[in-house]
Amino acid sequence: MQDKKRDDGRTADPRLRAARYRTGSDTGTDIDGESDDAGRPTMEQRSQYVEIQIAQAMRRGDFDDLPGAGKPLTGLGGTYDPDWWIRQKIERERLTGLGPPALTLRTEDAELEGRLDAIHSEHGVREVIADFNRRIVEARRQLQGGPPVVTATRDADEEVDAWRHRREERGRLAREAREREDAELAALPWRERRRALRARRLRDGW
């Protein structure tokens, strides 16, 4: 008759197992001195395997052209926002009308200057600011739960001045670019200059 059967490389006698546990000798080695993990890769071997796979993928270019490649990480200098993932999803996918007002107003606040720059009159800028401020005040009054509304209202006079300044700056940069282009055209031989002028008229929709 065979000796006592072993369970997973260890003796099946519970008294002997208890004695080994109390003396600290129950280390996962069977009675023949062989480890239960014999033949299994060690942590170091698994780590080396992962590093090799990453290095091979980099050489193949598997990580090239990933979204955000070569760009700095965003949000490192800001304060912790428990709703960061909702806000980023709304901003990334440009979702409108979704989420609590605290998040939708924050997203709109971040894009407000670009929206104002598309307006061609001071009256239109003031209307947008008035509507934006009104919705902020209404969101603060509604006690429907959700994160608090921390978006600040905008001063209409200050926003109009900033809008006018940005508009003048864009005009100045456009004039300077046109002057540089004219100077470059003047330096070209007349045949090349004529072709360049024709290309510019097509570009500008003349």
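## Salt bridges in the model

A salt bridge is a side-chain nitrogen of Lys or Arg within 4 Å of a carboxyl oxygen of Asp or Glu. The whole structure holds 19 salt bridges.

This is a predicted model, in which local features need pLDDT of at least 70 and side-chain atom pairs count only at pLDDT 80 or more, while totals for chains, interfaces and linings use all residues. Residues are numbered from 1 along each chain as its sequence is written, and side-chain values use heavy atoms, with hydrogens and water left out.

## Asp-131 and its partners

Asp-131 forms a salt bridge with Arg-134 (2.4 Å, N to O). These two residues are three apart in helix H6, about one helical turn; helices are DSSP runs (H or I, at least four residues), numbered from the N terminus.

Asp-131 also forms a salt bridge with Arg-135, where the closest N and O atoms are 3.0 Å apart. Shared partners join Glu-108, Arg-115, Asp-131, Arg-134, Arg-135 and Glu-138 into one network of salt bridges.

## Helix H7 and helix H8

The axes of H7 and helix H8 (residues 190-204) come within 9 Å and cross at roughly 150 degrees, so H7 is roughly antiparallel to H8 (an angle over 145 degrees). Axes are lines fitted to C-alpha atoms, for helices over the stretch in contact, and angles run from 0 to 180 degrees between N-to-C directions.

The contact (heavy atoms within 4.5 Å) includes Arg-178 and Leu-185 of H7 and Arg-193 and Leu-197 of H8.

Key:
Parallel < 35°, antiparallel > 145°, perpendicular 65-115°, else oblique.
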